[in-house]
Amino acid sequence: MRGPRSHELGLAAVGVGAWLARLAADHRAIRADPAYRDLNAPLQGRSLAVSAPDGTPLHVMEFGAPDAPETVVLVHGWTCALQFWTRQIRALASAGVRVVAYDLRGHARSGRPEKIDYSIDAHAGDLDAVLHAALRDGRRAVVAGHSMGGMTIVAWAGDHPDEVSELLAGAVLVNTGMDGLIAQSPILKMPARLSKARDIAGRLLLGAAVPLPKGPTPLSFRAVRWIGLTRSATPAEVAYCERIVLACNRDVRALCGGTLSGLDLHESIASLSVPTVLIGGEEDKLTPPSHVRRLAGALPEVVEEIVIPDAGHMAPVSHADLVSEPIARLVSARARRAVAA
């Protein structure tokens, strides 16, 4: 007769077997996805030596022709890396645009600040250093930011209002918001009477240095799809986002999350005084379309306001063309303005 211990071991073996079978099935679906090769082919670019104002080394890459007349600077978001923009980098560079992208401080291949400063002002200082290193000889750029990258752009504009029109020809803000990130997220939707509890829970979640798996798992794959994408995202797109997010150092994730939890850039929005495109996802659980509407009412010059149907928070990956094309349109409009001038 089998004892309780044997029964428990048998159940555990069944559970592990089911887990491994699911992992193998996910892996097969990812490899069979036509998007897999496109997303995972290495980017070919050139390094730019840039240091933040506090001396933190930043990993900055340049793609496309270095002498191209138009430049786009890409700023990724929380827990991501410059490779998040892979599809935009390829699309823009192949269209003859010079593209500059970098890893946020503490993310991917950029260094970690000695004084452990992950404030939005520190991120804005990093962007300022990248802009000045990338834009010489009177060049201006279209700058595009996703999520925390969009917040960084607005924070930079608030800190450097006199340089906005000097360095920028336009801006594209993708899946982002400037305040009320906890209050407006459907993930933490609660009755109004529980708003204080919601804010406390949101701050704890965003600022928690919870260890995540070091590699892909069936659970993390589905969590990334549910939080950041939608059911329409392909297996390779989900896996690509999963890999980037899991690679982020947990302390950096928590410190940047703490910055996001109390963020309020409302007073800086008006300083972004260049033609601006807004892009949101209809199913975005982190920065829902309400942020697009609020920004549209506060920015000085919105030239396009786009909410992509069935898109979540990771629109540059899942709906790449619908993000790349508005950036390219803004670049073309900037070029036409320059010719007219």
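Contact here means heavy atoms within 4.5 Å, and the model shown in these close-ups is a predicted one.

**View A. Helix 4 meets helix 5.** Welcome to the contact between helix 4 (residues 120-134) and helix 5 (residues 148-159), whose axes come within 8 Å. The two axes cross at roughly 80 degrees; angles of 65 to 115 degrees count as roughly perpendicular, so that is how helix 4 and helix 5 are described relative to each other. On the helix 4 side, look for I120, D121, H123, A124, L127, D128 and L131. Their partners in helix 5 are M148, M151, T152, I153, A155, W156 and D159. By residue type, this contact of helix 4 with helix 5 comprises 9 nonpolar, 2 polar and 3 charged residues.

**View B. R198 in helix 8.** Here we zoom in on R198, found in helix 8 (residues 195-206). Its relative accessibility is 12%; since buried means under 20%, R198 counts as buried. Setting aside neighbours within four places in sequence, you will find R198 in contact with I182, A183, L188 and M190.

**View C. Helix 10, end to end.** Helix 10 (residues 235-247) has 13 residues, which at 1.5 Å a residue should span 18 Å. The C-alpha atoms at its ends are 18 Å apart, so the model agrees with that expectation. Helix 10 is also mostly covered, with 10 of its 13 residues buried. To pick out these buried residues of helix 10, follow A236, E237, V238, A239, Y240, C241 and E242, then I244, V245 and L246.

Definitions and conventions:
Residues numbered from 1 in each chain as written. Predicted model: local features only at pLDDT ≥ 70, side-chain atom pairs only at ≥ 80, totals over all residues. Heavy atoms only, no water. Helix = DSSP H or I, 4+ residues; strand = E, 2+ residues; numbered from the N terminus. Buried < 20%, exposed > 50% of the residue type's maximum accessible area, 1.4 Å probe, protein only. Axes fitted to C-alpha atoms, helices over the stretch in contact; angles between N-to-C directions. Parallel < 35°, antiparallel > 145°, perpendicular 65-115°, else oblique. Nonpolar A, V, L, I, M, F, W, Y, C, P; charged D, E, K, R; others polar. Expected span 1.5 Å × (residues − 1).
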